[in-house]
Amino acid sequence: SIRRNLEYKARAKYINFTARTLNALVGAVFSKEAEVKLPTALEYMLYDSNGAGKSLEQVSKVCVSNDVQVGRHGLLASHDPITKLAKLTTYTAENIIDWTEDESGNLNSVVLFIEKDVYKHLNMIDGFYTVEIRNEKDEIITPAINPTKSDGSKFTSIPFVIIGSVDNSPDVDDSPLWSIVDASQGHYQNSADYEDMLRILKPTPWANNIDEQYMKTMNPSGNI
């Protein structure tokens, strides 16, 4: 029953070694302050790298944390057409829906989940980068546009990079934490089984080296 299952899980003891390992690894990466060299015109990104007040270090920590957890994370570079300020938008692995590459490994297209029934399509068309917004039925919501750089020129590549646990290619890498997740799940299940058995099973009395005199003393009625 549902109640039986809830009670079974509630009795289990669980130590979240996965979270502790994740925090330790991210902490190790940022234990030494990073040396960042940016052109003078981009130094504001040290304090606001995503257009919403997140520092470059904060965005970096998000990327490292997600990369350690699932093995990949996405970064899209763009700029505000009015302020001309550059910004980085992060995408979790689950929101990188699809992608294609050319023979050299360069991205030809990327599909990103934005919100319910809204997807951003990044494509290379006639040698230039385009952005188009479509719904789940692949119907166009916002027609394709050619984003431009701060100097007004067009992008000749998709400014999106997938950060992997092995390298920065679009190939899907393994999660560095998977072996610990698997072991922790096993510990949790073993604990649940053990606590469940303690509740259900009754102790069985036993004895060894029993002789006839012992039986007469302990069981004078002879019922056993």
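Buried means under 20% relative accessible area, exposed means over 50%, and partly exposed lies in between, computed with a 1.4 Å probe on protein chains only. By this scale F128 is partly exposed, with a relative accessible area of 32%.

The structure is a predicted model, in which local features need pLDDT of at least 70, side-chain atom pairs count only at pLDDT 80 or more, and totals for chains, interfaces and linings use all residues. Residues are numbered from 1 along each chain as its sequence is written, and side-chain values use heavy atoms, with hydrogens and water left out.

F128 is found in strand 6 (residues 128-134); strands (E, at least two residues) and helices (H or I, at least four) are DSSP runs numbered from the N terminus. Apart from neighbours within four places in sequence, F128 is in contact (heavy atoms within 4.5 Å) with N123, N146, K154, F155 and T156. The C-alpha atoms of F128 and T156 are separated by 4.7 Å, although these residues are 28 residues apart along the chain.

**Aromatic pairs**

A pair of aromatic rings is described by the distance of the centres and the angle of the planes. Rings of Phe, Tyr and Trp (its six-membered ring) pair if their centres lie within 6.5 Å; planes under 30 degrees apart count as stacked, over 60 as edge-to-face and the rest as tilted. A search of the whole structure finds 4 aromatic pairs, including the two in the table.

| Pair | Centre distance | Plane angle | Class |
|---|---|---|---|
| Y14 and Y188 | 5.5 Å | 75° | edge-to-face |
| F113 and Y119 | 5.5 Å | 65° | edge-to-face |

Y14 lies in the loop between helix 1 (2-10) and helix 2, and Y188 lies in helix 4 (residues 178-200), so their pair ties together parts that are 174 residues apart in sequence. Y14 is partly exposed at 41% relative accessible area, and Y188 is partly exposed at 28%. In the other pair, F113 is partly exposed at 26%, whereas Y119 counts as buried at 14%.

**Helix 2 and helix 3**

Helix 2 (residues 17-29) and helix 3 (residues 56-70) pack at an angle of about 135°, with their axes 10 Å apart. Axes are lines fitted to C-alpha atoms, for helices over the stretch in contact, and angles run from 0 to 180 degrees between N-to-C directions. The two helices are therefore oblique to each other, since angles under 35 degrees count as roughly parallel, over 145 as roughly antiparallel, 65 to 115 as roughly perpendicular and the rest as oblique. In their contact, L22, L25, V26 and V29 of helix 2 meet V64, S65, V68 and Q69 of helix 3.
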